[in-house]
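Please keep the sequence and the model in view while reading.

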Amino acid sequence: MITDRYSPVIGLETHVELGTRTKMFCGCTTEFNRDHNGQVCPVCLGLPGSLPVANKKAIEYTIKIGLALHCSIASWCRFARKNYFYPDMPKNFQISQYDEPLCSDGYLDVVVAGSTVRVGIERVHLEEDTGKSLHIGGATGRIHGADYSLVDYNRAGIPLVEIVTKPVDGTGELAPLVARAYVTELRDLLRTLDVSDVRMEEGSLRCDVNTSLSPVGSSVWGTRTETKNVNSLRSVERAVRSEMERQALVLDGGGRVIQETRHFHEDTGTTTSGRSKEEAQDYRYFPEPDLVPIAPPAEWVEEIRASLPELPSARRTRLQAEWGLSDLDMAALHNADALDLVDATVAAGASPADARKWWLGELARRANEASVELAALAITPSQVAVVAGLVAAGTLNDRLARDVIDGVLAGEGSPDEVVAARGLAVVSDSAALTAAVDEAILADPDAVASIRAGRTGAIGVLVGAVMKATRGKADAATVRSLIEQRLG
Amino acid sequence: MAITRDEVAHLARLSRIELTDAELDHLAPQLDQIITAVAQVQEVAAEGIPPTSHATGLVNVFRDDEPVPCLTPAQALDQAPAVELGRFRVPRILGTED
Amino acid sequence: MSELTRLTAADMSERLRARDISAAELTEAHLDRIEAVDGKLHAFLHVAADKARAQARDIDARRSQQENLPPLAGVPVAVKDVFATVGMPTTCGSRILEGWHPPYDATITRRLKDNGAIILGKTNMDEFAMGSSTENSAFGPSRNPWDLAKIPGGSSGGSSAAVAGYEAPLAIGTDTGGSIRQPAAVCGIVGTKPTYGGSSRYGVVAFASSLDTPGPFGRTVLDAALLHEAMSGHDPMDSTSVDAPVPPVVEAARQADVSGMRIGVVTDLSGEGYQPGVMARFTEAVELLEHLGAKITELSCPHFKYALPAYYLIAPSECSSNLARFDGMRYGLRVGDDGTRDAEQVMRLTREEGFGPEVKRRIVLGAYALSSGYYDAYYGKAQQVRTLIIRDFEAAFGQVDVLVSPVTPTTAFGIGERADDPMAMYLADLCTIPSDLAGNAAISVPCGLADEDGLPVGLQVMAPAMADDRLYRVGAAAEAALTDRWGQPILSGAKGLDA
């Protein structure tokens, strides 16, 4: 195993598009616009003479994120210019923060394989997003081999928060999982804070992963590479794993890992080298003269702190206690991304046990079959609660409940409507049931004999026969006890 | 020498200016002279003196998160050297894709 | 020349208000004057004749409806080509922006229009405001109305020449290292650098963001005050804009009383390199102020001698970043895009052809000062020097109300004389730079002609930030007394255009 020989150190850099109504330095709307270059103004287009003015809400959101990550909030800090030339950057510098981030020195705890890993947060700072380029002429629409590019500046100027972890070491073979768990937890946190819609697939949450290996026992960290184009949680895990494998191969062969940026490929699950730079970029950072320093008053910071909602980890601890779950059970819920769904189902009246059973059982299976996320299934937590309620009341048994779920997923309506339409209620008319039981007894004398001989397992055969006869609409437990009664 | 011709060439590249050899020959000694002169600032004892990046002393100047009308695409693209499909057409970009 | 163009802006305002003259005839008189002399002066890069006439007609119509109009309504003004103006080109004196028409107005452009001023056109300037003579303009230098072989100063040389040459009674420029005050001094007119942040930079193409200050030119102190007041004030589109009332500059200009004021002579701004004739007129002006009731002291601002090197680190650094956007991708000049080259190559060719030598010099210098490994010793150090200069001013203003010095060490030098010697050119800013670094207010007021060459000399008055009114009080007092002594306005001595 790689980790017998090498210790991995990982780091993650995440960019979050904030969900403010307007851009970071101008009043252009951030809502989706079908017209290219239809949401731009002199400021975000970087026209000569234009000047930035900072969006207060964006600063508030950044402080909120920092507080939720247990960071210190700067009492005084500035924006800085990061200077480099690129056609998607209208000013050929990005307004960002350099050595004075708004928030610093925090942490986020993640649970992996039953133990807690504290991921240190180096900094949380604010900057502006760039425009988007469409590359024309190349094979896959990628930059290499393109003939020219088309640039749309609608996205230029959207507020971006950059969250950088401290290096995380000591995770050994769990490194890929830790990376994934961190991004997952961060995403959930940001969603709870309601500062971004954090959709990795849409680019409002972007992740770069840094990986390095050093020989076990060495106190010197290895050369790290940065991997970009990591567009899903699964890719985070795969990217780290792939880089660990690649670097181990290099080191095993006596080679040196080159410090570089690598590109992750979804299809192969591996990374390739980005264009290697002849010289390291000198961004010539200096304090942004067009913006004055930010000095958040203590009262404002406390106001924001007071407005923090219950954070995901605290909520999980509370729910675990309320529901009386083991760590393992809780982890299962978390890993299946089912916590919110279960919580909502409980809120709608189901018992925690029932809610968990349905979401982690039948519904998880369906989601898997359809290759969708649990939350994407066409059934709501309240509907699941209704189904669970019907089972608890005896109107449905498990088998019928599954049929009802089928119906809801197929769009036939609410659980009650499906029950009515399909006639799925449990047969509870005891006369009919007794008749079915008697029939089954008569039809299978061998089974009856076995039962009387003390082999109670054979009851199941008769139960099965009754269930078949009633087309599954009987309550199995009731049938069993009826059989027992009948046969004495 | 405060700055060499090679350093000037490097800085010009960094600044995306295609200086000719003649220009480099002319510019390098001028910059050398200027840099030597401006290096005078290093004579000043400035231990513990905070740098001034903003002379006004202003802090916390913000805008509210309220949308204002912006330019139309036509206005934005009006004087672009090249336009295609409603976007700014630029020559092919080499370099890493982020 | 029509006598209308000889009037002060204050007089024009009064006569317009009294319906004694119309905006239309006033505008026409100035357009005629431009037609007659701008071939020699080359103050204007663009004359907006039709627009100006239309604006004038509109003002006249509104006035005839008894509408109460602001003081500058109907008064012509020239605008330095660094201000964004919708419907007019804005070149900043550069090939890289040749033909660029901004889709938006600078806030100050907006304010001029709201005040009813008639924008005659855009004036020539050193490219991207870098220079002290307009010789760095890509479109040729402007000339000094006193002597057409002499520079009109820079970078706002076109605006200064236009006012001194009676092509406009008022003009606006920008001052970053002295670019309003020095042209005003060498052309014999009044020019002010307001408090930094006192006038909006939104729509002013940036050279050095922490230093650029838009300001007024006029032939008299009162005229400059009228424009100063109209163009200044808080702007929410500019984060560095001061949110406070405009100091009462017009009132101060009218009051013009220096009795009891404490005036400090900055001894460091004199000595070697200063033309004797300049020092003579300056010294006399100080004596005159004393005679008028001011108390004169001499003091030293010991860090002022580091102001020039600090400036030539800070300004190029900021400009190297501000000018990065000119790359041929979105507007302006694009060179070399024949389908074979990549974006980076096209950017390099565009900037090579589009920028002049001084701009290239400062961009490279700025990149140097900011580069890693050099930042602390150059840019970082310069910013510390800046703090020390601010403290020098604070100490001085603890003892006096205003400081005085010459505006620039020499009178107007010859066109071509310093063009190949950047360092000699930079020395023109020696006295003006400290106020820019500190963000204070300063004015140039004509104080006579140098004996050696008969060319104008300017008196610089400096005041603390937001005390701009003191400049006008002292300036107006000096102006009144000097004009009295000369028997006529100083500009009547400008013979350059008589021929």
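In this predicted model, 35 residues of chain B are in contact with 45 residues of chain A. On the side of chain B that touches chain A, at least two residues each come from strand S1 (62–63), helix H3 (73–77) and strand S3 of chain B. The greatest contribution to this side is that of S3(B), which gives five residues. Sorted by class, the side of chain B that touches chain A holds 17 nonpolar, seven polar and 11 charged residues.

Strand pairing also links these two chains. Strand S2 of chain A, residues 54–55, pairs with S1(B) in the parallel sense, and the pairing runs over two bridges. Within S1(B), Phe62(B) is the residue that stands opposite Ala54(A).

Chain B also meets chain C. This contact takes 45 residues from chain B and 55 residues from chain C. Helix H1 (5–14), helix H2 (21–38) and strand S3 (87–91) of chain B each supply at least two residues of the side that touches chain C. Here H2(B) gives the most, with eight residues. The residues of chain B on this side divide into 30 nonpolar, 11 polar and four charged.

What is the secondary structure of chain B as a whole? It comes to three helices and three strands, and along the sequence these follow the pattern α-α-β-α-β-β. The radius of gyration of chain B is 22 Å, well over the 13 Å that the globule rule gives for 98 residues, so the chain is more spread out than a compact globule. Its C-alpha trace spans about 55 × 45 × 25 Å along the principal axes. Of the 98 residues of chain B, 32% count as buried.

Finally, attention turns to a pair of helices in chain A. The axes of helix H2 (residues 56–68) and helix H5 (residues 298–306) of chain A come within 9 Å and cross at roughly 65 degrees. The crossing of H2(A) and H5(A) is right-handed. From H2(A), the contact is made by Glu60(A), Ile63(A), Lys64(A) and Leu67(A), and from H5(A) by Val301(A), Ile304(A) and Arg305(A). In terms of class, the contact of H2(A) with H5(A) comprises four nonpolar and three charged residues, with no polar residue.

Note on methods:
Residues are numbered from 1 along each chain as its sequence is written. Chains are lettered from A and ligands numbered from 1 in the order in which they are written. This is a predicted model: local features need pLDDT of at least 70, side-chain atom pairs count only at pLDDT 80 or more; totals for chains, interfaces and linings use all residues. Two residues are in contact if their C-beta atoms, placed from the backbone, lie within 7 Å. Helices (H or I, at least four residues) and strands (E, at least two) are DSSP runs, numbered from the N terminus. Ala, Val, Leu, Ile, Met, Phe, Trp, Tyr, Cys and Pro count as nonpolar, Asp, Glu, Lys and Arg as charged, and the others, Gly among them, as polar. Axes are lines fitted to C-alpha atoms, for helices over the stretch in contact, and angles run from 0 to 180 degrees between N-to-C directions. A crossing is left-handed if the near helix is turned anticlockwise from the far one by less than a right angle, and right-handed if clockwise. Two strands pair if DSSP finds at least two bridges between them. The radius of gyration is taken over C-alpha atoms; the globule rule is 2.2 Å times the number of residues to the power 0.38. A residue is buried if 20 or more other C-beta atoms lie within 10 Å of its own, exposed if 12 or fewer, and partly exposed in between; C-beta atoms are placed from the backbone.
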